[in-house]
Amino acid sequence: MLTEALKDAFNLVQETIDHQTPEMNIDEISTVSSVSGATAEVSRLDNVQMEELLVFPNNVMGMTFMLSENSVGVIFLNQPQGIKAGDRVYRTGRVVDVPVGERLLGRVIDPLGNPLDAQGRIVTVNRRKIEREAYPIMARAPVSTPLQTGIKAIDSFTPIGRGQRELILGDRQTGKTALAIDTIINQKNTGVICIYCAIAQRGTAIARVIDNLKKYGVMKNTIVVAASGDETAGMQYIAPYAATAIGEYFMEKGRDVLVIYDDLTSHARAYRELSLLLRRPPGREAFPGDIFYIHSRLLERSTHLRPEYGGGSLTALPIVETEAQNISAYIPTNIISITDGQIYLSSPMFQKGLLPAIDTGRSVSRVGGDAQLPAYSSLVGPLKLAFSQFEELESFAKFRSHLDAQTEKQLKRGQAIRAVMQQKQFAPVPVVEQIAVLFATTQGLLDNVSDKLREKAYHTIAQLMKTTHKDTAELILNREKLSQECKEKLANDIKEALINERIISAKQV
């Protein structure tokens, strides 16, 4: 006969399992040898598996984390209240998994699939193990479709393709999460399913993100997997793997998925805490030796599948926090080496109010350029060259009182590019409008626009693309290059529109 405590514990586990799933059986019973914070050591369980779900008294659940000859290291997945040496531990025979499926859309869940949004129990037929091997190379297709973020500085200079892994890194409070949320908002009518995974974030910060997603109408296509700072380190550790398992389900159904891990620095710290408590040998900065492996096996699961394997894609945007702009620290360099590029947010730019504070010199995309729309190709090169020359020239120009005409022209062009790359949060720009504004910048049509009239100029160009140049907009979206004749007509029409709106004068162009 099972004790009442064991029955209560099994009832709690059963809440995470669909009503159609067969009940679990007890294979073995053991006892707790010692408890250390968020971990416990259990005397030998001969047949236990790695990552198996274990049940303790007081409705406490744990996961097998480390196996040794005479004991098992366990991490707690909820608060281990009242657990002490000598308490019984029960095997469930089930590896930790998470529910997957359409019913998760619009919901907020913990890494075990328990609802956190007071919208009732999630009933779904399918469940997946949180950990699984990544798809082999032969099952992967090239990254060929862009994932538009709506952020001009990213879509032009560091484009992201569906199936890519692009790192977002920068110091604390530089707008990393803001970039991720804007990217989700821009997927509103694209069919892309978004998963936001919050790791060790404050509850208020997670609630703010959810409120913004609801406010801008994208929550219905988004799943939030939250392991806040109040949760155990074990729950924080499994959170990104659970989010990835949910995304893989949709990917194999042929859907495009975006997963945001916010952030992997906190994930690494949770893993370090668990490892040290279980007396695993520490390495650099006290992280265990396999810290690289836990992130590589996570991010390798992001890919674009070949049609015979489902044809979907899983795009990853991991976030990493740096200290004092040190991108050569241990965790940042590890994840930079795993990903396909990085978007670096600069603290000095943020402090100057240049938002988003993307440092184009340190940011790079190693894959997304192949998926970028062809209309960007003829614009990005001249823009990057002109902007890099401007940044170098600007520092020297501060010390001179008189500048020649050519230098003045370069400074104006650089200032126009910098201004174009700035935009407000929660205001992603459609791709056609981006390309039109960038084109006007390369043509020098925005060099003499005053700061007060810039927003009006951008709006005028956007309206032009919606009315007079609908055909040009269709060419851009159909991945076709713009002919020289089309470019000349577009330049003339933009110039005329800006003059008619009295944004610039005929003498200035």
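User: Where should I look for S302?
Analyst: You will find S302 in the loop between α7 and β14. Helices (H or I, at least four residues) and strands (E, at least two) are DSSP runs, numbered from the N terminus. The model is predicted, so local features need pLDDT of at least 70, side-chain atom pairs count only at pLDDT 80 or more, and totals for chains, interfaces and linings use all residues. Residues are numbered from 1 along each chain as its sequence is written, and side-chain values use heavy atoms, leaving out hydrogens and water.

User: Why is S302 called buried?
Analyst: Buried means under 20% relative accessible area, exposed over 50%, and partly exposed in between, with a 1.4 Å probe and protein chains only. S302 has a relative accessible area of 1%, so the residue counts as buried. Apart from neighbours within four places in sequence, S302 contacts R140, G163, R165, L314 and A316 (contact means heavy atoms within 4.5 Å).

User: What makes N478 exposed?
Analyst: N478 has a relative accessible area of 52%, so this residue falls in the exposed class. N478 belongs to the loop between α14 (470-477) and α15. Its C-alpha atom is separated by 9.9 Å from that of A375, 103 residues apart along the chain.

User: How do you know which class Q372 belongs to?
Analyst: The relative accessibility of Q372 is 12%, and therefore Q372 counts as buried. Its place is the loop between β16 (364-365) and α10. Not counting residues up to four places away in sequence, Q372 touches D155, S156, P159, V380 and R479.

User: And I154, is that buried or exposed, and why?
Analyst: I154 is buried, because its relative accessible area is 2%. I154 sits in helix α2 (residues 152-157). Leaving aside neighbours within four places in sequence, its contacts are T149, P159, I160, L179, I343 and I358. The C-alpha atoms of I154 and S363 are separated by 9.1 Å, although the two are 209 residues apart along the chain.

User: What makes helix α8 mostly covered?
Analyst: Seven of the nine residues of α8 (residues 330-338) are buried. They are Y330, I331, P332, N334, I335, I336 and I338. Their cover includes β10 (167-170), α6 (264-277), α7 (291-299), β14 (313-321) and β15 (341-345).

User: How do α12 and α15 cross, and what is that called?
Analyst: The axes of α12 (residues 431-442) and α15 (residues 484-500) come within 10 Å and cross at roughly 85°. That makes α12 roughly perpendicular to α15. Angles of 65 to 115 degrees count as roughly perpendicular, under 35 as roughly parallel, over 145 as roughly antiparallel, and the rest as oblique. The axes are lines fitted to C-alpha atoms, for helices over the stretch in contact, with angles from 0 to 180 degrees between N-to-C directions.

User: Which residues meet there, and of what class?
Analyst: A436, F439 and A440 in α12 meet K487, L490, A491 and I494 in α15. By class, this contact of α12 with α15 has six nonpolar, no polar and one charged residues. Ala, Val, Leu, Ile, Met, Phe, Trp, Tyr, Cys and Pro count as nonpolar, Asp, Glu, Lys and Arg as charged, and the others, Gly among them, as polar.
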